[in-house]
Amino acid sequence: MISRMKSIFTKPSVPVALTSASVAIGPPTLAKPVSQACTANQFLEDAYAYWCEQLFEGQRMHRKQWEFCYIAQALSLAGALSPGRCGVGFGVGAEPLGALFAARGAKIVGTDLEPEQAKSDGWIDTDQHASGKHAMNDRGICPADRFERNVSFRFADMNDIPAEIGHFDFCWSACAFEHLGSISNGHDFILNTARLLKPGGTSVHTTELNCSSNDETLSSGSTVLFRRRDFEAMAADLTKMGFEVAFNWDLGDQPLDYHVDMPPYSEDKHLKLQLDRWVSTSFGLIIRKPL
């Protein structure tokens, strides 16, 4: 199995498009994150243990936990998580990141779908929707008085971000924009959220990476799988708009990097998984607006 998966993960099925985004060489790390995939070695870093503790979570080898740690680490290194900074989160549900960022002094606007739309899309039934801001602090990560001061909430459709939402030092989403209906909608979301950044701002998002193919994929529906070429298309448009993006395409070389979790999925040892006929993993995207 490992030898077969090595060839799948290291050889794209078609040549990738060239972009002006920079490409890092070597294993991806949390110490110096760029736009990168979830890999086993990152779970062993001090930064991973630190953010799990801050999130009140025990460490697991699970890609969803990695997404939270990756977003927090990227924004922390960007200097975004401090008093005087403001950020907006999209599709926040009951995730802990907004409370974590508010606890550090940042002003946070959390957003999620209108309840009627969320119910029809199935997010309420699966407890992945926030009907108000207090769902964001279920774990008590942020002291209650600070949470009240620093966090606000509004309903927003990620496919139709309100024009008056404002501009921010940072924005984020965790495992959300692959659920916007299509590759094209996800592409537009990334560009639209980048436009919300103030000079010097940072946007960090996580989503699905198709590890099996740079050609065929799930391109529409309730969940889509972005290919390398889809991220490079985003980067091409972002760099034309004046933003900075750097990639690392290394998918890891440890035994767990070649393990593919099958349904019903495990609560541990879950980095890569089978989705339909493709192998997917979590991928983080970091976008910076120069000063």
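Me: Which residues does Arg227 touch, not counting residues up to four places away in sequence?
Reply: This is a predicted model, where local features need pLDDT of at least 70, side-chain atom pairs count only at pLDDT 80 or more, and totals for chains, interfaces and linings use all residues. Numbering starts from 1 along each chain as its sequence is written, and side-chain values use heavy atoms, with hydrogens and water left out. Arg227 sits in the loop between strand E7 (197–210) and H8, where helices (H or I, at least four residues) and strands (E, at least two) are DSSP runs numbered from the N terminus. With contact meaning heavy atoms within 4.5 Å, Arg227 touches Leu209, Asn210, Ser213, Asn214, Asp215, Glu216 and Thr217, residues up to four places away in sequence not counted.

Me: Good start! Is Arg227 buried or exposed?
Reply: The scale is relative accessible area with a 1.4 Å probe, protein chains only: buried is under 20%, exposed over 50%, and partly exposed in between. Arg227 has a relative accessible area of 10%, so it counts as buried.

Me: What pLDDT does the protein chain average?
Reply: pLDDT is the predictor's confidence in each residue, from 0 to 100. Residues 1–18 stay under 50, and the model has 26 contacts for them beyond four places in sequence. Of the residues in the chain, 88% score at least 70, and the average is 91.

Me: How are H7 and H8 arranged, and at what angle do they pack?
Reply: Two packed helices are described by the angle between their axes and the distance between the axes. Axes here are lines fitted to C-alpha atoms over the stretch in contact, with angles from 0 to 180 degrees between N-to-C directions. H7 (residues 183–194) and H8 (residues 228–240) have their axes 10 Å apart, at an angle of about 35 degrees.

Me: And which residues of H7 and H8 make the contact?
Reply: On the H8 side there are Asp230, Ala233, Met234, Asp237 and Leu238. The H7 side brings Ile183, His187, Ile190, Leu191 and Ala194.

Me: How many residues of H3 are buried?
Reply: H3 spans residues 63–77 and reaches 21 Å from its first C-alpha to its last, close to the 21 Å expected at 1.5 Å a residue, where the expected span is 1.5 Å times one less than the number of residues. Its buried residues include Trp66, Phe68, Tyr70 and Ile71. Of the 15 residues in H3, which is mostly covered, the buried ones number twelve.

Me: How far is Ala31 from Ala74, C-alpha to C-alpha?
Reply: Ala31 lies in the loop between strand E1 (22–23) and strand E2 (36–37) and is partly exposed, at 48% relative accessibility. Leaving out residues up to four places away in sequence, Ala31 touches Glu45, Gln73 and Leu77. Ala31 and Ala74 are 43 residues apart in sequence, and their C-alpha separation is 9.0 Å.

Me: Last one: what separates the C-alpha atoms of Ile287 and Phe243?
Reply: Ile287 belongs to strand E11 (residues 278–288) and is buried, with a relative accessible area of 0%. Beyond its neighbours within four places in sequence, the contacts of Ile287 include Ile190, Ala194, Leu238 and Phe243. Ile287 and Phe243 are 44 residues apart along the chain, and their C-alpha atoms are separated by 6.6 Å.
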